[in-house]
Amino acid sequence: MKNLSDIIQYEELDNLELLARQIVEGFIIGLHRSPFHGFSVEFAEHRQYNKGESTKYIDWKLFARSGKMFVKQFEEETNLRAHLVLDTSSSMLFPSKEKRNSKLGYSVMCAAALVHLLRQQRDAVGLCTFSEKIDLLTPSKLSAVHAQRMYAELENLFQERDLELHRETRISEVLHQLAEGIHKRSLVIVFTDLMSNENPSEIFESLQHLRYNMHEVLLFVVRDRKLEEDFEFTNRPTKFIDLESGQSIKLNPGEIREHYSRKQQEILEELRIECGQFSIDLVEADIQKDFREVLLPFLMKRSKLF
């Protein structure tokens with residue numbers, strides 16, 4: 001499985017749908033035997049053909065091998081509605097000036113792959129992007145036209161024109177708004193780095209609001225683990241600039257690395273406990289790793305719902 005930089009090293013992102021399909025197909029091929037019907041096969045199972053039935057779904061290849069007639073039994077269509085929620089605040093542009101190699105770029109490719117997976121399962125999907133407020137909110141639909149619109153919106157995040165800096169994050173406000181605005185029970189998939197000036201309790205309350213309104217929640221904490229959690233910067237005086245507030249500080253990373261890493265682990269552990277108490281699936285998505293971290297937890301979550 002390739003990571004984002006491998007996939008687009010020699011390709012421009014002028015066909016996000018094609019790249020998403022490549023990611024999904026590579027992942028599915030990597031599964032030894034998928035228990036998720038509809039991803040690696042077209043039908044769920046075979047059953048014996050009964051005389052008088054239509055011959056439309058007879059598996060003739062199997063008949064040629066076995067001499068017996070079996071019918072392809074398809075998995076029933078589901079009514080799953082999913083909403084992909086992407087944090088596009090300035091902190092998501094870390095660690096690269098090239099958006100495609102940033103946390104935002106990783107999240108966009110993951111979202112595109114999930115659009116492809118959801119549509120394979122004939123699930124309705126919608127897209128939300130936000131920073132201080134909701135910038136885009138589409139309804140969840142299944143149509144091909146709607147999918148093309150979502151791919152186009154995701155591709156727009158890769159345009160040469162940089163997103164404005166100093167775009168802060170208001171995660172709790174956005175999730176509260178979504179909890180009230182999504183009227184049918186849905187799977188809400190959130191991509192964020194949680195780099196916000198908000199009180200952690202406010203974010204927890206907004207996640208609880210989604211669960212209280214009967215929505216399933218899959219939270220991906222998208223980070224560069226080496227830099228943002230382990231703080232593995234060169235041991236020399238370095239100027240750090242907050243991409244959202246513009247504030248800066250100069251320090252030697254080696255002097256605070258141990259303390260910083262410990263605090264990050266404490267915050268994540270508290271988040272894990274809170275999410276566990278409210279049946280929220282949390283995935284730590286390291287942008288230096290491949291997309292299995294996103295696709296496999298999604299498949300596992302979906303299999304629990306159906």
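**Close-up views of a predicted model**

**View 1. The end of helix α9 and the residue beyond.** In this predicted model, helix α9 is followed by Ser279, a residue whose phi is positive, near 55°.

**View 2. The length and the kink of helix α9.** Helix α9 covers residues 253-277, and because each of its 25 residues is taken at 1.5 Å, the helix should span 36 Å, which agrees with the 35 Å between its end C-alpha atoms. Centred on His259, α9 has a kink of about 30°.

**View 3. The buried residues of helix α9 and their cover.** Pro253, Ser261, Gln264, Leu268, Leu271 and Cys275 are the buried residues of α9, and what covers them includes the helices α7 (200-212) and α8 (225-229), together with the strands β7 (216-223), β8 (238-241), β9 (248-251) and β10 (281-286).

**View 4. Lys103 in helix α4.** Lys103 has its place in helix α4 and counts as buried because its relative accessibility is 0%. Its side chain is joined to that of Asp193 by a polar contact of 2.7 Å, and a polar contact of 2.7 Å also joins the side chains of Lys103 and Glu228. Among the residues that Lys103 touches are Ser91, Phe94, Met195 and Ile287.

**View 5. The nonpolar cores.** The largest nonpolar core has 48 residues, and those with the most contacts inside it are Leu84, Leu86, Leu114, Ile189, Phe191 and Phe298. Helix α4 (residues 103-120) gives the most to this core, with 12 residues. Apart from this core lies another, of 24 residues, among them Leu175, Val188, Leu210 and Val217.

Technical notes
Residues numbered from 1 in each chain as written. Predicted model: local features only at pLDDT ≥ 70, side-chain atom pairs only at ≥ 80, totals over all residues. Heavy atoms only, no water. Core = buried A, V, L, I, M, F, W, Y, C linked by side-chain atoms within 4.5 Å. Buried < 20%, exposed > 50% of the residue type's maximum accessible area, 1.4 Å probe, protein only. Helix = DSSP H or I, 4+ residues; strand = E, 2+ residues; numbered from the N terminus. Polar contact = N/O pair within 3.5 Å; in protein donor to acceptor, adjacent residues only side chain to side chain. Contact = heavy atoms within 4.5 Å. Expected span 1.5 Å × (residues − 1). Bend = angle between axes of the 7 residues up to and from the residue. Lists of a residue's contacts leave out its neighbours within four places in sequence.
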